[in-house]
Amino acid sequence: MNILVVDDQPSVLKTTAYALKSMGHQAFTAENSRQAFRILEEEPIDVMFLDVMLGREQGLDMLPELKQRDMEVSVIVFTAQASIESAVEAMRRGAYDYIQKPFVPEDIKQKLARLAQERQVRTRVRNLEGQV
């Protein structure tokens, strides 16, 4: 999968990209929404890991814009300040899933495996609907 990691902390970008590459994925990184949207327009991104806080920006503010631009990307939100409220807000705005920092590569692997499985089921359903 092509995965974009959006976080304002260079260490998070570097370690997450490294983990994704070691799992066989193509990883792209962005420090803010402007960089992220540029990559989204240039590359076929399947999944985006998006930090809630991007310096002075709110990462969650990107979610409605993704929908408005009709960009087909599954967003997994992550944050160090996890709360039930922020998780609910992320899902309400269209996030696929939510993960708390710090996370380990196994957390990422599980989220991506579940996402791949769900996409496979949706593809099968579409194919079956096309046959009917």
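1. The buried residues of helix 2 pack against strand 1 (2-6), strand 2 (26-30), strand 3 (47-51), strand 4 (53-54), strand 5 (57-58) and helix 3 (62-68). The model under discussion is a predicted one.

2. Which residues of helix 2 are buried? In this helix, which spans residues 33-42, they are S33, A36, F37, I39 and L40. Viewed down the axis of helix 2, these buried residues fall within an arc of 160 degrees, so they line one face of the helix. The pattern can be read against a general rule: an α-helix has 3.6 residues a turn, so residues three or four places apart point the same way.

3. The face of helix 2 turned away from the buried side carries exposed residues, namely R34, E41 and E42. R34 also takes part in a contact at the start of the helix, where its backbone nitrogen lies within 3.2 Å of a side-chain oxygen of N32.

4. S86 belongs to helix 4 (residues 84-92). The relative accessible area of S86 is 15%, and this residue is therefore classed as buried, the cut-off being under 20%. Leaving aside residues up to four places away in sequence, S86 touches L60, Q81 and Y98.

5. How many cavities of 30 Å³ or more does a search of the whole structure find? The search returns one. The volume of the largest cavity is about 40 Å³. Its lining is formed by L63, L66, K67, M71, V73, V75, R93 and G94. Helix 3 gives the most to this lining, with three residues. Sorted by class, the lining of the largest cavity has five nonpolar, one polar and two charged residues.

6. The largest pocket holds about 280 Å³ of space. Its lining consists of 15 residues, and K67, M71, E72, V73 and S74 lie nearest the centre of the pocket. Helix 3, strand 6 (74-79) and helix 5 (105-131) are the elements that give two or more residues to this lining. Helix 5 gives the most, with three residues. By class, seven residues of the pocket lining are nonpolar, two are polar and six are charged.

Definitions and conventions. Residues are numbered from 1 along each chain as its sequence is written. This is a predicted model: local features need pLDDT of at least 70, side-chain atom pairs count only at pLDDT 80 or more; totals for chains, interfaces and linings use all residues. Side-chain values use heavy atoms; hydrogens and water are left out. Buried means under 20% relative accessible area, exposed over 50%, partly exposed in between (1.4 Å probe, protein chains only). Helices (H or I, at least four residues) and strands (E, at least two) are DSSP runs, numbered from the N terminus. The arc is that of the directions from the helix axis to the C-beta atoms. Contact means heavy atoms within 4.5 Å. A polar contact is a pair of N or O atoms within 3.5 Å; within protein, one must be able to donate a hydrogen and the other to accept it, and residues adjacent in sequence count only if both atoms are side-chain atoms. On a 1 Å grid over the protein atoms alone, a cavity is a set of points where a 1.4 Å probe fits but cannot get out, and a pocket is an open set with protein on both sides within 12 Å along at least five of seven lines; lining residues have an atom within 4 Å of a point. Grid points are joined across faces, edges and corners, and a volume is the space filled by probe spheres set on the points. Ala, Val, Leu, Ile, Met, Phe, Trp, Tyr, Cys and Pro count as nonpolar, Asp, Glu, Lys and Arg as charged, and the others, Gly among them, as polar.
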